[in-house]
Number of protein chains: 2
Amino acid sequence: MMDVARTAGVSTMTVSRALKDGSSIADATRKRIMRAIDELGYVLDQSAGSLSSKRTGFVAVLIPSINNSNFADTARGLSDALEGTGLQILLGYTDYSIEKEETLIESMLRRRPEAVVVTGGKHTPKGRRFLENAGIPVVEMWDLPTKPVRHVVGFSNAEAEEGLVKFLYKKGYRKIAFIGGTTNRDTRGADRRLGYERGMAAMGLKETRVISFGTPPITMKQGGEALSKLVDVWPEVEAAICVSDLSAFGAVTECLRRGLAIPSRIAIAGFGDFEISSCSFPSITTVGVNCYQIGYQTGALLKRAIEGERSGKSIAAETILTDYAVIPREST
Amino acid sequence: MMDVARTAGVSTMTVSRALKDGSSIADATRKRIMRAIDELGYVLDQSAGSLSSKRTGFVAVLIPSINNSNFADTARGLSDALEGTGLQILLGYTDYSIEKEETLIESMLRRRPEAVVVTGGKHTPKGRRFLENAGIPVVEMWDLPTKPVRHVVGFSNAEAEEGLVKFLYKKGYRKIAFIGGTTNRDTRGADRRLGYERGMAAMGLKETRVISFGTPPITMKQGGEALSKLVDVWPEVEAAICVSDLSAFGAVTECLRRGLAIPSRIAIAGFGDFEISSCSFPSITTVGVNCYQIGYQTGALLKRAIEGERSGKSIAAETILTDYAVIPREST
DNA sequence: TCCATATATGTTATCGATAACATATTGGAG
DNA sequence: CTCCAATATGTTATCGATAACATATATGGA
């Protein structure tokens, strides 16, 4: 920067100002500086700048997996919402593990982000402490934690899934099964199973049928295998709710291969409104959860929260509920 | 850090050493320091550290889109390869635009990454200059640029697609069409079209049939619409090669809806070996390109390159070819 | 026993920018 | 023509760690 300053015949402070908008600087000077920058091929060193200004421009975002179009959509929404703010996302993958989340939170905090976004409301004790003492805005998204750290953007997976059970009940289905992952690592998956059970109970259906198959995230193939198991174990089953659209699609394909008519012999429903559920043949009934919106709303909230911190006025804790809805399609 | 040092009764330098492995420090001292850190809830400030050590631990990675499982897989491969190295990925989305890429490169360079990875070999002049003068290892992945900036990890999309045309030819198909995006923003898509044309020419098939539909990335739905258009315009068509598996799946679904038998009435092929191509019914013939491997190899290369820079010995430019293969399935 | 080497810790200067404050310049109202 | 406020620029100290060098202590072989 000193080289640039010398070339342009100004002080480094003026160069610094020229590179930041909103500073008072003469047009001619700015042009001269820009020419010098171009000439010398100078690129601002933001790491030095953030040390001094205490603004890194980072936002840490932890999602379970990048290979899941739901979270990818959320990341895109977040990214779009932060476009033009100069805030940059530091993305981390927890691989559905809260232990890995803890490690990631610490390594992220070392970068001094201006806010942290985590997926879900379940953390290790130490992880939670990190979040609470970080001194920056924290957003938990995708779930509705009973005891949020601070801000929340999401919806109740259980409630949404319960709605799906009720929808199927109204359509006349009674022997409804649930296909999900084996472990409880995926809290959203566990929540959906809970919703299934609640829904069944609410409709007075005593007999629940749950097939657990594979560790999250459940793939298409595993959805197919789970369906095989399901019809072997409970041949009388009339409908299968899958923990996500991917597994639902796998189940649908398996039905096609086995010659099981959808929905007359067996109905299939998914979760998440992935593109595949609308494009599949038959198309798949699902719960649309507006992943992009979760990300976008989180981004918008972050902007306000960070602005608040910068001006010294922290904003109050917010809980933003995103909407969801059963989307009826050909498969039920 | 001074607080920690005082609490543990050592100097800040010793605290700094305790937090870095590979430094000589007495076990008792390290434990004492760790206790102080825990007690005070101290979190290392890496931005200050990188300013001093000139090692940010960042790697900038630019991909066209996060909502594409191919690139998501590559990102995962990269992430896995860098696991445990302390290198953190700064991910950016170019949205298939080299102008946006240019902007991103500059804003990434301001963070002083230790290496840059870009997708594809086409850049704006300024973007290319940034890469050339960055003074850090540069990797272009997914394509084989004619004039690489430095390292390359990828394969020839054209060659791969040409192989697919030849495969279909051997199977007896002659009237082969190509379904892709309208613009040339997606250089890999353009490359694949080129491969289609070359393949047709090589097989002595004069009549090419190309349907352009939508801007990249082409969705499933657009694949279906493109297929409709295709059979309207050229009812005699025997096979359709789609620019990616997503559009191929859309085309397959559209065929099912229209009652066009696959592959007897029309054969469908995709590109990329997405999970959906193997799970779909009928399953879809595609070109497996090992996206994860591209990412993983890139990561491994980065480790060596960065290690080289740190020890003052830059490694020579490398070009790593990843493999691909036609995967025959039910749809052809 | 003694010195050479390895190990453990401290001191000082510095990384490259920006905040905070100080100063110079400009433009227009009176 | 003043003079004040707004605008433009400069000076100095500092952000929080680590590199480089200096020093102290332990270890072990001749």
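Start by selecting E162(B): with 22 C-beta neighbours inside 10 Å, this glutamate counts as buried. (Buried means 20 or more other C-beta atoms within 10 Å of the residue's own, exposed means 12 or fewer, and partly exposed lies in between, with C-beta atoms placed from the backbone.) You are looking at a predicted model, in which local features need pLDDT of at least 70 and side-chain atom pairs count only at pLDDT 80 or more, while totals for chains, interfaces and linings use all residues. Residues are numbered from 1 along each chain as its sequence is written, while chains are lettered from A and ligands numbered from 1 in the order in which they are written.

**Around E162(B)**

E162(B) sits in helix 8 of chain B. (Helices, H or I with at least four residues, and strands, E with at least two, are DSSP runs numbered from the N terminus.) Now show what E162(B) touches: leaving out residues up to four places away in sequence, these are G195(B), R198(B), G199(B) and A202(B).

**A sheet in chain B**

Next, colour the strands of the open sheet in chain B, where four strands run in the order 7-6-8-9 with parallel pairing. (Two strands pair if DSSP finds at least two bridges between them.) Which strands are at the edges? They are strand 7 (209–212) and strand 9 of chain B, each pairing on one side only. On average, neighbouring strands of this sheet are turned by 20° against each other, direction ignored. (Axes are lines fitted to C-alpha atoms, for helices over the stretch in contact, and angles run from 0 to 180 degrees between N-to-C directions.)

Zoom in on strand 8 (residues 239–242) and strand 9 of chain B, which pair in the parallel sense over three bridges. Here I241(B) stands opposite A269(B) in strand 9 of chain B.

Bring back helix 8 (residues 157–170) of chain B, which packs on the sheet and touches strand 6 (176–180), strand 8 and strand 9 of chain B. The direction of helix 8 makes about 160° with that of strand 9 of chain B. Helix 11 of chain B also packs on the sheet, touching strand 6, strand 8 and strand 9 of chain B, and its direction makes about 160° with that of strand 9 of chain B.

**The nonpolar core**

Select I179(A), A240(A), I179(B) and A240(B): of the 176 residues in the largest nonpolar core, these touch the most other members. (A nonpolar core is a set of buried Ala, Val, Leu, Ile, Met, Phe, Trp, Tyr and Cys residues joined through C-beta atoms within 7 Å.) Leaving aside neighbours within four places in sequence, the contacts of A240(B) include A177(B), I179(B), L227(B) and I268(B). In soluble globular proteins, nonpolar side chains tend to be buried together.

**Where the chains meet**

Show both chains: the contact takes 40 residues from chain A and 40 residues from chain B. Helix 5 of chain A gives the most to the side of chain A that touches chain B, with six residues. By class, that side has 16 nonpolar, 14 polar and 10 charged residues. (Ala, Val, Leu, Ile, Met, Phe, Trp, Tyr, Cys and Pro count as nonpolar, Asp, Glu, Lys and Arg as charged, and the others, Gly among them, as polar.)

**The DNA strands**

How many residues surround DNA strand C? There are 23, and the closest are M1(A), S16(A), G49(A), S52(A) and S24(B). (A residue is near a strand if its C-beta atom, placed from the backbone, lies within 6 Å of it.) Helix 4 of chain A brings the largest share of this surface, five residues.

**Backbone stops**

Most residues other than glycine have a negative phi, and most peptide bonds are trans. K54(A), not a glycine, has a positive phi of about 60°, and lies in the loop between helix 4 and strand 1 (58–63) of chain A. Is K54(A) buried or exposed? K54(A) is exposed, because 11 other C-beta atoms lie within 10 Å. Finish at F281(A) and P282(A), joined by a cis peptide bond with omega about 0°.

Terms used:
Two residues are in contact if their C-beta atoms, placed from the backbone, lie within 7 Å. Two strands pair if DSSP finds at least two bridges between them.
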